Amino acid sequence: MEVRIQPIHFDIAQRLVDHINKKAQRLERHYPNVTVFDVTLKVVKPETAMNKQAIVRLFQPQESEVVADKTADSFEEAVDMAIEAVEHQLEKKKNKK
């Protein structure tokens, strides 16, 4: 699985990159058919609480993309919530088949 991390207008800390890669590896174990794990990170203006946005996109061959957009106090929390949301969507797709 290819992991792409795009911070928008800020420098990303290595700790956050490691956190995202760890989550991607766990996701890959449960859903091996996911080929691309794309994370976009933004700081939402104005500077207030709950201003860290994470958009997670998963791509699978022969399937439509799965997207979740979450906002939280920290990027780690936003990424975790977005991954939970895409896992839920993947489970729904899996159970439909």
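Select helix α1 (residues 14–30) together with helix α2 (residues 75–96). The two helices pack at an angle of about 15°, and their axes lie 10 Å apart; this makes α1 roughly parallel to α2. Axes here are lines fitted to C-alpha atoms, for helices over the stretch in contact, and angles run from 0 to 180 degrees between N-to-C directions. Angles under 35 degrees count as roughly parallel, over 145 as roughly antiparallel, 65 to 115 as roughly perpendicular and the rest as oblique. The crossing of α1 past α2 is right-handed, a crossing being left-handed if the near helix is turned anticlockwise from the far one by less than a right angle, and right-handed if clockwise. Helices (H or I, at least four residues) and strands (E, at least two) are DSSP runs, numbered from the N terminus.

The model is predicted: local features need pLDDT of at least 70, side-chain atom pairs count only at pLDDT 80 or more, and totals for chains, interfaces and linings use all residues. Residues are numbered from 1 along each chain as its sequence is written, and side-chain values use heavy atoms, with hydrogens and water left out.

Next, display the side chains where the helices meet. From α1, select Arg15, Leu16, His19, Ile20, Lys23, Arg26 and Leu27; they meet Phe75, Glu76, Val79, Asp80, Ile83 and Glu87 of α2. Contact means heavy atoms within 4.5 Å.

Center the view on Glu87, in helix α2. Is Glu87 buried or exposed? Its relative accessibility is 15%, so Glu87 counts as buried; buried means under 20% relative accessible area, exposed over 50%, and partly exposed in between (1.4 Å probe, protein chains only). Leaving aside residues up to four places away in sequence, Glu87 touches Arg26, Leu27 and Tyr31.

Move to Arg15, in helix α1. Arg15 counts as exposed, because its relative accessibility is 64%.

Now hide the helices and select the strands. Four strands form an open sheet in the order β1-β2-β3-β4, with mixed pairing. β1 and β4 (66–72) stand at the edges with a single partner strand each, so one side of each has no neighbour in the sheet. Neighbouring strands of this sheet are turned by 15° against each other on average, direction ignored. Two strands pair if DSSP finds at least two bridges between them.

Begin with strand β1 (residues 2–7) and strand β2 (residues 36–43), which run parallel and are joined by six bridges. Along this pair, Val3 stands opposite Phe37 in β2, and Pro7 has Leu41 in β2 as its bridge partner.

How many of the eight residues of β2 are buried? Six are, so β2 is largely enclosed by the rest of the structure.

Continue from β2 to β3: eight bridges join these strands, which run antiparallel. Asp38 has Arg57 in β3 as its bridge partner.

Then select strand β3 (residues 52–59) with β4; seven bridges join this antiparallel pair. Here Lys52 is bridged to Ala72 in β4.

A crossover is right-handed if, with the strands pointing away from the viewer, the path from the first strand over the helix to the second runs clockwise.

Select His9, in the loop between β1 and α1. Its phi is near 65°, a positive value in a residue other than glycine. His9 is exposed, with a relative accessible area of 81%.

Then select Met50, in the loop between β2 and β3. Met50 likewise has a positive phi, about 60°, although it is not a glycine. Its relative accessible area is 46%, so Met50 is partly exposed.

Finish at Lys96 in helix α2, which is exposed with a relative accessible area of 76%. Lys96 and Val67 are 29 residues apart in sequence, and their C-alpha atoms are 18 Å apart in space.
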